[in-house]
Amino acid sequence: MAAKLYQFLGSPFCAKVRKLLAFKGVEFEVVEVDYLERKELLLASGQLTVPAVTLDNGETIVDSARIAMRLEELYPEPTIFPAGWRGMHVALADYIDNHLEEKVYPLALADELAYYSKQGADRGALWRFIRERKFGKGFVDRTIADQSANWERFRNALAPFEEQLGNVPFLTGRIGLADFALYGQLFYLAFTGDLKIPAEMKNLRAFFGRVERISSIVEETGS
């Protein structure tokens with residue numbers, strides 16, 4: 001029996017987990033959770049948030065960081081921690097997941113609003129309600145209207161990653177946990193099928209393509 005990944009398509013954390021599962025060679029089925037009706041997710045995980053993974057042994061794990069660590073325990077090869085770099089990958093992945101996201105997420109709001117609104121007015125309304133309950137009334141429209149500043153913040157925040165990836169194929173040379181986290185955040189700019197990473201950030205675009213193609217076999221890529 002294959003594992004199951006419960007996801008929302010546009011979630012960077014679900015994108016991260018999809019690639020972790022593929023990298024580990026774990027056969028899995030994607031379950032796209034209805035944004036409004038989450039009964040199947042609730043029954044599987046006891047929670048309403050994604051990602052959640054149910055493994056073939058019946059174990060269910062939620063939260064992309066916990067999923068990554070559990071997969072590493074169960075499937076240690078290929079590893080997500082290149083020799084000598086474990087601590088750095090844990091720290092980098094935490095930064096990317098919890099701080100870098102703030103600079104990337106605003107650019108995805110318009111696409112996410114359109115995506116959920118196309119599924120029905122009720123789903124679009126719930127998506128907006130959840131964000132404005134957290135960030136305040138009018139947050140979605142204000143943020144979408146501020147795209148120029150959003151792009152400036154994105155470019156400034158991603159500049160060090162663009163520079164680093166000009167020297168190596170992955171952040172520390174060989175692929176690791178932080179690379180999957182970075183791929184997930186960049187997926188915000190790709191989930192519509194149109195890659196929106198700026199053309200001048202050619203190293204990040206190449207990096208995204210490199211991880212996008214990855215499977216259970218580490219791609220041998222020169223610097």
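Student: How do the residues of the lining of the largest pocket divide into nonpolar, polar and charged?
Tutor: In this predicted model, the lining of the largest pocket has 22 nonpolar, 6 polar and 11 charged residues.

Student: What is the volume of that pocket?
Tutor: The space in the largest pocket comes to about 1100 Å³. It is lined by 39 residues, and those closest to its centre are F13, V50, E101, K134 and Y188.

Student: Which helix gives the most to the lining?
Tutor: That is α4, with 7 residues. At least two lining residues come from each of α1 (12-24), α3 (64-74), α4 (86-104), α5 (109-118) and α6 (121-135).

Student: Let us take α1. Is it mostly covered or mostly exposed, and how many of its residues are buried?
Tutor: Helix α1 is mostly covered, with 12 of its 13 residues buried. The buried residues are P12, F13, C14, A15, K16, V17, R18, K19, L20, L21, F23 and K24.

Student: What span should α1 have, and what do its end C-alpha atoms show?
Tutor: At 1.5 Å a residue, the 13 residues of α1 should span 18 Å. The end C-alpha atoms of α1 are 18 Å apart, so the two values agree.

Student: Moving on to α5 and α6, at what angle do they pack?
Tutor: The angle between α5 and α6 is about 145°, and their axes lie 7 Å apart. On the α5 side the contact is made by L109, E112, L113, Y116 and S117, and on the α6 side by A121, R123, G124, W127, R128 and R131. These contact residues divide into 5 nonpolar, 2 polar and 4 charged.

Student: Which residues of α5 are buried?
Tutor: They are L109, D111, E112, L113 and Y116. Among the elements that cover these buried residues of α5 are α6 and α7 (139-145).

Student: And what follows α5?
Tutor: Helix α5 is followed by G120, which has a positive phi, near 140°.

Student: Is Q185 buried or exposed?
Tutor: Q185 is buried, because its relative accessible area is 1%, and buried means under 20%.

Student: Which residues does Q185 touch?
Tutor: Leaving aside residues up to four places away in sequence, Q185 touches P12, F13, I96, D97, E101 and V104. Two of these partners, F13 and E101, are also among the residues closest to the centre of the largest pocket.

Conventions:
Residues are numbered from 1 along each chain as its sequence is written. This is a predicted model: local features need pLDDT of at least 70, side-chain atom pairs count only at pLDDT 80 or more; totals for chains, interfaces and linings use all residues. Side-chain values use heavy atoms; hydrogens and water are left out. On a 1 Å grid over the protein atoms alone, a cavity is a set of points where a 1.4 Å probe fits but cannot get out, and a pocket is an open set with protein on both sides within 12 Å along at least five of seven lines; lining residues have an atom within 4 Å of a point. Grid points are joined across faces, edges and corners, and a volume is the space filled by probe spheres set on the points. Helices (H or I, at least four residues) and strands (E, at least two) are DSSP runs, numbered from the N terminus. Ala, Val, Leu, Ile, Met, Phe, Trp, Tyr, Cys and Pro count as nonpolar, Asp, Glu, Lys and Arg as charged, and the others, Gly among them, as polar. Axes are lines fitted to C-alpha atoms, for helices over the stretch in contact, and angles run from 0 to 180 degrees between N-to-C directions. Contact means heavy atoms within 4.5 Å. Buried means under 20% relative accessible area, exposed over 50%, partly exposed in between (1.4 Å probe, protein chains only). The expected span of a helix is 1.5 Å times one less than its number of residues.
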